Amino acid sequence: MKTLIAYYSRGGTTRKAAYKLQKLTDGDVFEITGEKDYGGYFKALGIARKEFAGNELPQVTEKVADMESYDRILLGFPIWYSKCPQLVMSFLSQYELSGKEIYPFCTSGTSGPEQAVEQLAKACEGATVHAGLRLNKWDEEKVKGWLEGSKA
């Protein structure tokens with residue numbers, strides 16, 4: 001099974017989790033980037049609030065050249081207002097994801113991935129979206145269990 005670890009990280013926490021997952025899975029890593037500068041935490045939340053309210057999909061600057069070659073996508077992002085950032089949703093909208101296994105992982109100070117997973121399941125029609133995992137602290141056994149886990 002070929003694995004892609006695609007992530008968006010505003011402050012670096014999700015990036016660290018993505019590279020730990022890379023060591024565990026030997027997957028390819030892809031950083032989701034956009035044209036917009038989200039800046040610091042409070043600026044990012046203000047921008048996110050406007051994007052959610054307007055259902056805005058910000059411009060993604062890079063694409064995965066061979067997305068069709070991946071069977072499993074570990075998708076990482078910070079939780080903003082209990083949701084997946086619109087930049088990540090914009091990234092996903094660029095691809096046909098039918099038949100793919102999607103494993104969402106998030107970083108968050110307070111919220112879990114539940115609402116974001118529901119959001120992803122609606123957006124990734126035809127894909128199997130698995131239960132999300134909050135990865136603020138690394139627990140390899142928990143991660144291994146998640147990778148063997150069930151559909152969300």
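This is a predicted model: local features need pLDDT of at least 70, side-chain atom pairs count only at pLDDT 80 or more; totals for chains, interfaces and linings use all residues.
1. The end of α1. Asp-26 follows helix α1. Its phi is positive, near 60°.

2. The buried side of α1. Which residues of α1 are buried? They are Thr-14, Ala-17, Ala-18, Leu-21 and Thr-25. Seen down the helix axis, these buried residues fall within an arc of 100°, so they line one face of α1. An α-helix has 3.6 residues a turn, so residues three or four places apart point the same way.

3. The other side of α1. Here Lys-16 and Lys-23 are exposed. Exposed stands for over 50% relative accessible area, buried for under 20%.

4. Glu-140. This residue lies in helix α5. Is Glu-140 buried, partly exposed or exposed? It is partly exposed, with a relative accessible area of 36%. Between Glu-140 and Thr-14 there are 126 residues of separation in sequence. In space the two are 16 Å apart, C-alpha to C-alpha. Thr-14 is one of the buried residues of α1.

5. The largest pocket. Its volume is about 340 Å³. The lining holds 19 residues. Closest to the pocket centre are Tyr-41, Pro-78, Ile-79, Thr-107 and Ser-108. By type, the lining divides into 6 nonpolar, 12 polar and 1 charged.

6. The second largest pocket. How much space lies in it? About 160 Å³. Its lining includes Asn-55, Leu-57, Gln-86, Met-89, Leu-92 and Ser-93. Tyr-95, Glu-96, Leu-97, Ala-123, Cys-124 and Glu-125 also line this pocket. Helix α3 (residues 86-92) gives the largest share, 3 residues. By type, this lining divides into 7 nonpolar, 3 polar and 2 charged.

7. Points to keep in view. α1 has a buried face, and exposed Lys-16 and Lys-23 on the other side. For the second largest pocket, look to α3 for the largest share of the lining.

Technical notes:
Residues are numbered from 1 along each chain as its sequence is written. Side-chain values use heavy atoms; hydrogens and water are left out. On a 1 Å grid over the protein atoms alone, a cavity is a set of points where a 1.4 Å probe fits but cannot get out, and a pocket is an open set with protein on both sides within 12 Å along at least five of seven lines; lining residues have an atom within 4 Å of a point. Grid points are joined across faces, edges and corners, and a volume is the space filled by probe spheres set on the points. Ala, Val, Leu, Ile, Met, Phe, Trp, Tyr, Cys and Pro count as nonpolar, Asp, Glu, Lys and Arg as charged, and the others, Gly among them, as polar. Helices (H or I, at least four residues) and strands (E, at least two) are DSSP runs, numbered from the N terminus. Buried means under 20% relative accessible area, exposed over 50%, partly exposed in between (1.4 Å probe, protein chains only). The arc is that of the directions from the helix axis to the C-beta atoms.
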